[in-house]
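Dear colleague,

Please find the structure below, handed over for your use. My notes on it follow directly after.

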Amino acid sequence: MFLPWKSEARLGAYLVRRSALMLLTLFGISVIIFVLLRIVPGNIVDILFDTAGMIDPADKARIERDLGIDLPLPQQYFVWISGFFSGNLGYSYVSEKLVVAEIALRIPVTLKLAILALFFTVALGVPLGVISAVRQDTAIDYTLRVVSLSGLSLPSFWLALLILMAFVSWFGMIPIYTDTPDSIWDEILLLAVPAAAVGFRSSSLVMRLTRSAMLEVLRQDYIRTARAKGATRNSVNYRHALRNALLPVVTVLGIEAAFLIGGLIVTETVFNIPGVARFLVEAIRSRDYPIVQNLVMMIAVVVVLVNFAVDMLYATLDPRIKYTD
Amino acid sequence: MSSPSYESELVRAGARAEGLFGRSVHFVRLYPLGAAGAVIMTVFVLAAVFAELITANGPLATNASRSLAAPGADYWLGADVMGRDLYSRIVYGARISLAVGIGSTVLGCLLGVVIGLASGYLGGWFDLVTQRIMDILQALPLLVLALVFAAALGPSLQNTIIAISIPLIPTVARVIRSNTLALREQAFVEAANAIGMSEWRIAARHILPNTVAPLIVLATAQFAAAILTEASLSFLGLGIPEPHPSWGRMLSESAAEYMRRAPWLVIFPGLAISLVVFGINLLGDALRDMLDPRQRG
């Protein structure tokens with residue numbers, strides 16, 4: 001990375017400062033997650049005892065000791081967080097398997113879904129945004145604006161349900177996810193439908209952003225210069241305008257990538273896809289706190305890291321941005 | 001600026017619009033989509049307020065013989081598996097949806113404004129601490145944070161409002177803070193300082209009114225997000241509990257189960273959510289163009 005306008009020393013100081021803030025944020029969110037899951041009425045042992053009808057207090061104390069929830073809260077927190085950073089996440093209450101194994105098992109599907117959804121987001125959002133801006137205030141612009149606004153208005157789980165319904169009435173079947181697809185194309189085809197349901201929303205966002213960024217850029221003097229020197233319309237729109245307009249889009253795309261998990265939670269639930277997002281809801285419902293706690297913490301780590309990466313990328317792409325805060 | 005189009009420019013800019021009616025006509029002409037959004041919102045608000053008057057059956061009244069009845073003369077939008085009138089449930093559901101939407105938006109904006117104003121105006125360590133807390137709240141996607149709060153607080157109407165309002169705070173606080181920082185340097189604030197106004201009075205009387213425009217724009221976006229989040233939470237079974245008719249809840253598994261036999265159970269509640277949010281978004285876009293010309297696209 002050659003950045004003649006930025007001194008190396010300032011970059012170093014910036015990195016140190018940003019990393020410290022990142023750790024502080026992660027510490028804060030870990031405390032919030034930990035405290036929230038401790039104030040939930042009724043701990044797992046109470047629930048076990050209620051459902052099993054056991055009353056022996058000695059048994060109860062033994063189970064609490066086994067699970068480590070008889071320790072004082074700060075100590076419990078310390079045990080958890082040191083385990084989190086050393087990869088020792090404990091055991092699921094429900095399946096009694098290692099939390100790491102349970103979560104790792106479900107990551108690939110969610111990751112594939114997220115990548116496909118991002119693909120839809122960019123492949124639909126950017127070109128349509130450009131068309132909408134270049135043809136500002138025409139019928140096509142109005143149509144695209146209404147479509148993108150409806151994309152932001154449809155709950156993604158409803159869109160998913162509608163798609164399922166269409167499958168049922170047209171093909172008489174529901175595309176059921178299997179973890180042993182015949183080929184990679186089969187798998188992509190299976191995942192494409194839920195990915196499109198999730199991606200529609202973020203593509204609408206990207207489209208609106210691309211449109212307004214393009215309109216902003218198209219008003220600039222250097223675009224007039226490019227037109228005056230006789231550059232073709234496509235050259236002006238794509239080489240001169242789009243490249244500059246994409247900057248804010250890249251930022252939002254990065255943040256959206258991390259926030260896709262919100263859409264995936266409901267979509268995985270509707271399509272019965274065994275990914276981490278659906279797993280989080282299942283764990284919350286069954287009060288499987290080791291899973292909830294670690295999974296939410298992992299999401300926070302991903303979000304914070306992505307934000308950091310986007311900031312760095314932004315500073316690299318835009319020479320006007322300096323490493324001060 | 002004495003071009004021939006000066007008068008028509010003035011009319012376009014609304015300078016000649018007088019009275020509530022004149023202003024409304026001006027708004028409709030300039031922002032037809034925004035006006036459509038306002039109409040949609042008005043219909044839903046009226047439906048929520050006058051739910052008793054426009055429905056024949058109670059939203060909770062069951063009728064086993066009419067289980068999964070198709071849309072018809074008695075049940076306009078059909079009935080669910082327990083024979084409850086879907087139309088009444090959707091009309092009453094508007095109450096829940098709007099209550100949660102308005103409740104959490106007002107709560108989130110109120111807290112966000114207080115935090116942002118104090119943070120921007122006081123600066124110093126208070127600013128530093130609150131900004132870090134806002135960082136922390138923004139480290140999780142809206143739905144995930146709302147899910148964790150909803151799970152911790154337990155399912156109820158009030159708890160759902162609280163759970164959704166908390167993730168809304170940081171965005172509001174950030175916008176108000178940056179506006180406050182810019183306003184603090186303005187001459188009129190210096191003037192107020194010079195004549196010996198107290199800090200709080202300046203913040204409340206001179207800074208706050210100047211942040212109203214961006215706040216309104218932001219609040220409409222938050223309102224839409226709050227309604228969608230409530231629908232998602234209830235859909236996942238962690239939001240509004242039974243027997244309240246929540247649109248999101250109506251769509252959860254039971255609806256999915258009967259989608260082959262009773263597609264209306266899937267279509268209408270989702271349509272209600274989408275229409276309300278679409279109306280808010282249309283209105284929000286128009287308000288943004290009107291109040292915040294710098295962001296006009």
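Just past the end of helix H7 of chain B, Gly154(B) adopts a positive phi of about 90°. H7(B) itself covers residues 142-153; helices here are DSSP runs (H or I, at least four residues), numbered from the N terminus. Its 12 residues reach 16 Å from first C-alpha to last, close to the 16 Å expected, the expected span being 1.5 Å times one less than the number of residues. Because 10 of the 12 residues are buried, H7(B) is largely enclosed by the rest of the structure; buried means that 20 or more other C-beta atoms, placed from the backbone, lie within 10 Å of the residue's own. Among the buried residues are Leu142(B), Val148(B) and Phe149(B).

The model is predicted: local features need pLDDT of at least 70 and side-chain atom pairs count only at pLDDT 80 or more, while totals for chains, interfaces and linings use all residues. Residues are numbered from 1 along each chain as its sequence is written, and chains are lettered from A and ligands numbered from 1 in the order in which they are written.

The contact between the chains takes 36 residues from chain B and 42 residues from chain A, two residues being in contact if their C-beta atoms, placed from the backbone, lie within 7 Å. On the side of chain B, H7 is one of the elements giving two or more residues, as are H6 (124-137), H11 (212-235) and H14 (264-291).

Chain B is assigned domain 1 (1-30) and domain 2 (32-295), with bounds from an automatic or database domain assignment. Their C-alpha centres lie 32 Å apart.

Kind regards
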